[in-house]
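Let's take a walk through this structure together, going from its core to some aromatic rings and then to a charged side chain. Please have the sequence and the model open as you read.

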Amino acid sequence: MIGAERPLSADELDELEGRIDGWLAEQLADNPVVEAVERDDLTGERRWFVRVRGEEKSVFSIWFLLRQRNLHVETYLMPAPEEHAGALYEHLLRRNLSLPDLTFAIGDEDAIYVMGEVPAVWVDEDVVDRLLGSCYAVVEQCFRPAMRIGFASRFKN
């Protein structure tokens with residue numbers, strides 16, 4: 001059961017944090033989609049902000065937060081819809097059924113986010129790569145259709 005895995009010790013968290021730092025540094029150097037990687041130095045959390053370049057949504061950030069029991073990932077998809085909110089939420093809920101590791105959620109100010117988490121004991125470079133790639137793919141596939149529903153009057157057919 002996800003969430004029931006054991007918490008990582010402080011040493012295990014430090015080691016995993018170092019591996020994530022290293023993997024993200026490699027992505028920044030080698031992956032043309034990754035524009036920037038920043039650390040949260042203000043809160044003391046093990047948190048990274050990865051700015052990526054997309055095609056459908058030109059630039060967006062993917063946030064990783066390493067906790068004692070899980071690695072949380074999220075990205076902002078779009079603001080709260082101005083119209084057709086019910087149709088948009090239905091569309092996103094139906095898409096939730098086929099998302100790998102992720103889900104759509106309503107966050108602050110009713111904005112739409114893509115988020116997920118995996119147990120910390122499962123995390124390695126492949127898992128971080130899959131989460132980053134999944135967030136990127138979901139935003140690229142869903143941003144324009146979601147915007148066309150939630151802001152329909154701003155788009156011409």
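Throughout this tour, contact means heavy atoms within 4.5 Å. Please also keep in mind that this is a predicted model.

Leaving out residues up to four places away in sequence, Glu140 touches Gly54, Glu55, Glu56, Lys57 and Phe60. Is this glutamate buried or exposed? Glu140 is buried, yet it has no salt bridge. The nearest side chain of opposite charge belongs to Arg144, 8.3 Å away. For comparison, a salt bridge would need a side-chain nitrogen of Lys or Arg within 4 Å of a carboxyl oxygen.

Setting aside its neighbours within four places in sequence, Phe104 is in contact with Leu77, Leu92, Arg95, Asn96, Leu99, Ile112, Tyr113, Val114, Val138 and Cys142.

One of those contacts, Tyr113, leads us to the aromatic rings. How many aromatic pairs does the structure hold? There are three. In one of them, Trp63 and Tyr113 are tilted, with 6.2 Å from centre to centre and 45° between the planes. Because Trp63 lies in strand 3 and Tyr113 in strand 6, this pair ties together parts that are 50 residues apart in sequence. Trp63 is buried, with a relative accessible area of 18%, and Tyr113 counts as buried too, at 13%.

Tyr113 also pairs with Tyr76, here edge-to-face, at 5.5 Å centre to centre and 80° between the planes. Tyr76 sits in strand 4 and Tyr113 in strand 6, so this pair joins parts that are 37 residues apart in sequence. Tyr76 is partly exposed, with a relative accessible area of 30%. Taken together, Trp63, Tyr76 and Tyr113 form one aromatic cluster.

How values were computed. Residues numbered from 1 in each chain as written. Predicted model: local features only at pLDDT ≥ 70, side-chain atom pairs only at ≥ 80, totals over all residues. Heavy atoms only, no water. Phe/Tyr/Trp six-rings, centres within 6.5 Å; stacked < 30°, edge-to-face > 60°. Helix = DSSP H or I, 4+ residues; strand = E, 2+ residues; numbered from the N terminus. Buried < 20%, exposed > 50% of the residue type's maximum accessible area, 1.4 Å probe, protein only. Lys, Arg positive; Asp, Glu negative; His and termini not counted.
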